[in-house]
Amino acid sequence: MTFMTTNIHRDLPSAREDEPRILGLFAHPDDETFCAGATFAKYAAQGVETMAVSATRGQAGQIRDAGVATRRTLAEVREREMRLACQRLGIQHVECLDYLDGALQEADREQLVGDLIHIMRAFRPTTVITFGPDGGYGHPDHIAISEATTDAWDRAGDPCQFPGQIEDGLRPYTPSALDYAYFPPHRMQLLDRLVRWIVASPQHFKGDGAFIQALLAMSEEASMLRYTSDHYEVGWFPPGSYVVEQGEASTTLYLILSGEADAIHEHEDGALETLERLGPGQFFGVRGLAEARPHYAHIVARSGVTCLVFAPAAPTKFVGRGQGAHITLGQEQLAPIEEVIGDATARIDGAEYVDQKIAALSAYRSQYPLQPDTLPRALLLEMFGIEYFVQARPCRGVEAEIVRAMAKSR
C-alpha cells in the first residue's frame, strides 16, 4: 500500500526531542483556529515549534463570499487561507492533505493513519492536538480525524507499524501526550453581552452589512461550539404584524436583517405615536434595551421584516402575548457566567492572543465575512479567550498548562 508523502517534511529542521513541539491534526482549514488558535499563538510566541495539518482542503465547505471563491477554486482558496491564518498565529509549518472534504469517514482508514504516523515520526511533536471523540459538535469529518489521530498516536512508536517509513529513515516515535480540543457548555448568553454593549454605545447604533454578516457567522459558530447558551434563529414577520407589544416582559433580542419596523408608543388614551423607524442593523427588544432607547413601545413590521433573534431558551408554542406575558420563556434575570470545565484537563488562558485568533479567523474570507474590529473586543475576549483540552494519552491528572505535558519527550 502506498501512502502520501507531504512536502512539508522536506523543509523540517532535524528534530531535537528535548525541545517542545505542538502538532495539530484536524479535518478542515479553520479547525486549527477555532480549536486551538490562542493556544498555538501563545506557545509559538514562547518559542515552541508548531505545526498544523488539515486532512482535507475544505472543498465541500460553504462559500459565504462569491467574490472570493467558486466551487471549482474553493480547495485552493481555503488552503491559501489556512496558510495566512497560521502565519497570523505564528504557526511555522502548515500542510493540507488531499482527502475529500465531507467524506473523511469513508476514506481508507489505514492510509489516513499511515499519513498521520508519517507526520508524527517526521515532526516528532511532544503534544498532539485534535478533536475529541464527539468531533466537537458531531461533525463526521471531525470524528474521523479524532479516531485516526488516536490510532496513529497509539501505533507511531511501534517499528512494526508501516515499516516502509522506517526503511525511509523515519524512526518510531510516540509523542508525550495526545490532547482533545474540548468545548464545555458555557452559560454565557450572547444576547446579554450584546445588550450591555448596545446600551453603552452611541444612542442610535446601526450595524452595517459587515457587522450583520459577522454577527450571523459568529452566532452560528458560537452555538455549534457551545461558546454560548442562547437559542438563536432567523425569523420573518409579515407587514403589519406585532414583533413586540408595548409592556411585554421580553427577554428576546432582535437584530433587523432586512425590511423596516416602526416603534409606536401607545398612550393611555389609546393614541398612537410613532417614535422612530427601525431598519437593517438596528436592535430592539429586551426590556433593558427598550427603556434605554426608547423602544419601550410596540414594534410593528412596516414591510416584511427579517430578524436575527436571540433568546435565553427556545420559544414554546403556547406563550401568551401582551403585558404580563413572556413572549420567550426563560430567565427574567440573565445568570452570570459560571465556568464549567467538565472533563477538561488543561485550561489555556489565551486572552493576550485573542486578537491573533480573530485575525486568523478573518483570513478565512470564503467562510467568515469577518474583520478583526467588526465585533466588540470584550465580547470576543469572553467567547474565545480560554481554550480547553482533555488529555487522552496517557491518562494523567489535571494539568494547568499543556507545556507541562511537553516537558519530556519519549
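## Overall build

The protein chain folds into 12 helices and 15 strands. Both kinds of element are DSSP runs numbered from the N terminus: helices are H or I runs of at least four residues, and strands are E runs of at least two. Keep in mind that this is a predicted model, where local features need pLDDT of at least 70, side-chain atom pairs count only at pLDDT 80 or more, and totals for chains, interfaces and linings use all residues. Residues are numbered from 1 along each chain as its sequence is written, and side-chain values use heavy atoms, with hydrogens and water left out.

How much of the protein chain is buried? Of its 410 residues, 56% are buried. Here buried means under 20% relative accessible area, exposed means over 50%, and partly exposed is in between (1.4 Å probe, protein chains only). The chain exposes about 17,200 Å², and carbon and sulfur atoms supply 51% of that area. Such areas come from the Shrake-Rupley method with a 1.4 Å probe; for residues, only the protein chains shown count as cover.

Now look at who touches whom, where a contact means heavy atoms within 4.5 Å. Taking contacts between residues at least 6 apart in sequence, 81% join residues at least 24 apart.

## The cysteines

A disulfide is a pair of cysteine sulfur atoms within 2.5 Å, and by this rule the count is 0. Take C86 as an example: the nearest cysteine sulfur belongs to C96 and is 8.4 Å away, so C86 is in no disulfide under the 2.5 Å limit. C86 counts as buried because its relative accessibility is 0%. C307 is buried too, with a relative accessible area of 0%.

## Backbone details to find

P394 sits in the segment after β15 (386–393).

Next, visit D30, in the loop between β1 (21–26) and α2 (31–45). D30 is not a glycine, yet it has a positive phi of about 95°. With 5% relative accessibility, D30 counts as buried.

F162 also has a positive phi, of about 50°, without being a glycine. You can find F162 in the loop between α6 (140–155) and α7 (163–167). Is F162 buried or exposed? F162 is buried, because its relative accessible area is 10%.
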